[in-house]
Amino acid sequence: MPELPEVETIVRLLAPGIEGKRILSADLRLPRLLLGSDPGDFNPRLEGLRLERIVRRGKYIILELPGLSLVVHLGMTGQLTYAPPDASEKPGFYRTVTGMQKALGVHPIDKHTHLIVRWEDGSRVLFRDPRTFGKLFLIEGRDWMRHPRLRILGEEPLTLRIEPFLAKHYPDGSARSIKALLLDQSFLSGVGNIYADEALFRSGIHPARKVKDVKPLQRPLLLQAVKDVLRAGIKNSGTSFSDYRKPDGTQGSNFERLQVYGRGGQPCRKCGAVLRKTGIAQRGTVFCPRCQPLPKR
Ligand SMILES: [Zn+2]
C-alpha cells in the first residue's frame, strides 16, 4: 500500500505537469470509487476547472480546484500516472522532437483505469487501481481538512516536533503494541506497514512491545527513526514492492534499501540473525530477533 513517501513522491512529480492547468474533461469509469456524492455529477463538475494546487495530507492526495476539492486515496494498489501532451493514447512509443521514443512506462488505458482526467494542454492523469480499494471524494470548497476522513488524522510525522508531540499525544498507559500505534492514522498520519517495520528496526524496538513498556528514553529515538525512514523513502522516490509506481510509470528505488520489510527469513544486515516474519496488529511484520529483543518480564 502506498504510504507517505510514495504519496509525497506522486504529488511532487504530478504538480509541475498539472498545477495551473484547466481540466478539459473527466471520465469516471468505476462510479463506486466515488464516495459521498452522485457519480453522475462528477464529470461535469470537474470540467473547465483550473487546478490551483495539489497537496498531500497523510496518505491522501488533494486537488484544490475553485470552490471544490477532489480527494484521492490510493488504497492498496492505486496508481496515479501522468501522460504528457505528446504521449500516445496507447503508449509503448511516443513522439519526441528527435523521433519515436519508448514510453517511460505509463500504463495504457485498460479495464483497471477508473478515472481519466484530460487537461487543456493534452496531457492526461490516469487513476488505475487493479484491486479497487482506492477512493475518490469531492469536498465543497477549500476546507478539506475539516472533512470527517481528514480531520481525524494525526500530525504529519515529517514536520512534528518530537518532544512536544510525545508529551501531548503518546498514550502512556496503552497496552496495545507499538506497531499498532505507529499504524494508527490518528496518532501519526501517513505511516503504514513498510515504514513502521523499518522505524522499529532502526530504533531497536520489538514490534510487539506494549506502548506503555517502550521506555521514555526510546520514544524520541523511535519518532526520529520514523522521520528518517520516511525521508529516505522520499529521497528514493518510494518503495515499489508490488503496484506502486511513480507518475511516469517507473518504480521507486527504496525497496532495495529496506532493512526488514519484505525480508523475512533473510539475514539481518546489521547482525546476521535470521529476520522473523510474524503477524502483529493484523499485519505481516518483519523484525530482527537479536536487534529488536522483547525484554523478559
Ligand atoms: Zn539484527
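This tour moves through a predicted model, one selection at a time.

**The two domains**

Begin by colouring residues 4-151 as domain 1 and residues 162-287 as domain 2, the two parts into which the chain is divided. Their centres, taken over C-alpha atoms, are separated by 28 Å. Where the domains meet, 21 residues of domain 1 and 20 residues of domain 2 take part in the contact.

**The interface**

Keep both domains in view and display the surface between them. The size of an interface is often given as the accessible area lost when the parts come together. Here about 1700 Å² is buried between domain 1 and domain 2, and carbon and sulfur atoms give 64% of that area. Next, select Leu 4, Pro 5 and Glu 6: together they supply 30% of the area that domain 1 buries against domain 2, more than any other three residues.

What kinds of pairing cross the interface of domain 1 and domain 2? Six residue pairs in polar contact are found there, whereas the count of salt bridges across this interface is zero.

Now select helix H1 (4-18) and strand E6 (79-83), the elements that give two or more residues to the side of domain 1 that touches domain 2. Of these, H1 provides the largest share of that side, with nine residues. Sorted by class, the side of domain 1 that touches domain 2 holds ten nonpolar, six polar and five charged residues.

The whole structure contains 16 salt bridges. To inspect one of them, display the side chains of Arg 142 and Glu 52, whose closest N and O atoms are 2.0 Å apart. Arg 142 lies in the loop between E11 and helix H3 (148-151), and Glu 52 in the loop between helix H2 (39-46) and E3, so the pair ties together parts that are 90 residues apart in sequence.

**The two ends of helix H2**

Select Asp 38 and Gly 40 at the start of H2: a side-chain oxygen of Asp 38 reaches to within 2.8 Å of the backbone nitrogen of Gly 40. Then move to Gly 48, which follows H2 and has a positive phi, near 85°.

**The hairpin of E12 and E13**

Finish with residues 276-280 (strand E12) and residues 283-287 (strand E13), an antiparallel pair joined by five bridges. Arg 276 stands opposite Phe 287 in E13. The two strands form a hairpin with two residues between them, and Ala 281 in the turn has a positive phi of about 55°.

Definitions and conventions
Residues numbered from 1 in each chain as written. Predicted model: local features only at pLDDT ≥ 70, side-chain atom pairs only at ≥ 80, totals over all residues. Heavy atoms only, no water. Domains from an automatic or database assignment. Contact = heavy atoms within 4.5 Å. Buried area = accessible area lost by both parts, 1.4 Å probe. Salt bridge = Lys/Arg side-chain N within 4 Å of Asp/Glu carboxyl O. Polar contact = N/O pair within 3.5 Å; in protein donor to acceptor, adjacent residues only side chain to side chain. Helix = DSSP H or I, 4+ residues; strand = E, 2+ residues; numbered from the N terminus. Nonpolar A, V, L, I, M, F, W, Y, C, P; charged D, E, K, R; others polar. Pairing = 2+ DSSP bridges.
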